[in-house]
Amino acid sequence: MIGILLTALKIIGIVILAIIALALLIILMVLFIPVRYKGKVYFKEVPDIALSVTWFFKFLSLNITYKDGLDIIGKVGWLFKVYSNHDDDTDTNEETEDYKSEVRETADTVNENKKEDISVDNTNKANVITEKKENLEAENKIKALDKQEKKQSKKKKSKSNKKKSTAKKESKLDKLINKAKDIHYLLTEEENKKTLLRMLEKTKNLLVHILPKRIVGFFKFGFDDPSTTGQVLEAVAIFYPLYRDDFKIVPMFYDEIIEVDISFKGRLRVFYALYIGLILWLNKKKIKTRPK
């Protein structure tokens, strides 16, 4: 009997350890296996966009394309489709057709009921007109008395509203002044300066990690005014040193054209993003607020 209990406990322990090991393996896979993305953008009068996000050798995948319309397909386990926006469209079309048929049926029944009620309404109209005349005379007398009371109450309310508006304006000015002081203290205090610089550096590292590692293609653009073309060139040239080997920027100063052909790849590790987020959260707690 004791031997049977021991073997049962061993089996239960092995199963628990196997579940814990599997959970740890899944957590480590999610943290350290990167989420990869790649895409292609082509634009010349009509956009043609394709974007795919995959994880673990395309075990999870999300494909987004836009040419004549938007197509979104999500898959799990390489084969099983879990989401598609076209399935939703078919369901909505069926629902609208059912709704239209119901509306037609209700409209027919309403028309039949209206025909039956017209004869009854004609007999009751004469009695209703006499009652309305009597009610109008009584209502006019009541309205004349109400107008006199409203004039007196409006004078009292206008005086009180003026006092409230002046108090609100003063409170809004005080709030704006206090916010400006808080921002000034946040940017000028020495310890806050150091923490903000650390936070900016970490966010920069995260952006460099997320941005595509390779961009191939060209961006050709031109406008009516050559000065606007030069301004766009200055704005785009900020990112050009990162991708100058495989990506070309072609300004056309005397032609009006926009043509884009870009292919890009990148990845994101969840562990690194969580690490940067934790550092930013800890540094945020170190920021000192203005003493009241």
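1. Order of elements. Along the sequence, the chain of this predicted model runs α-β-β-β-β-β-α-α-β-α-β-β-α. That gives five helices and eight strands. Both are DSSP runs, numbered from the N terminus: helices are H or I with at least four residues, strands are E with at least two.

2. Ground rules. Residues are numbered from 1 along each chain as its sequence is written, and side-chain values use heavy atoms, with hydrogens and water left out. Local features need pLDDT of at least 70 and side-chain atom pairs pLDDT 80 or more, while totals for chains, interfaces and linings use all residues.

3. Whole chain. Of the 292 residues, 13% count as buried (under 20% relative accessible area; exposed is over 50%, partly exposed in between; 1.4 Å probe, protein chains only). The chain exposes about 24000 Å². Carbon and sulfur atoms supply 64% of that area.

4. Contacts. Residues 24 or more positions apart account for 59% of them.

5. Helix α1. This helix covers residues 2–32 and includes isoleucine 12. Isoleucine 12 counts as partly exposed because its relative accessibility is 48%.

6. Helix α5. Asparagine 283 lies here, within residues 270–286. Its relative accessibility is 5%, so asparagine 283 counts as buried. Beyond neighbours within four places in sequence, asparagine 283 is in contact with Thr195, Arg198 and Met199.

Terms used
Contact = heavy atoms within 4.5 Å. Areas by Shrake-Rupley, 256 points an atom, 1.4 Å probe, with all protein chains shown as cover.
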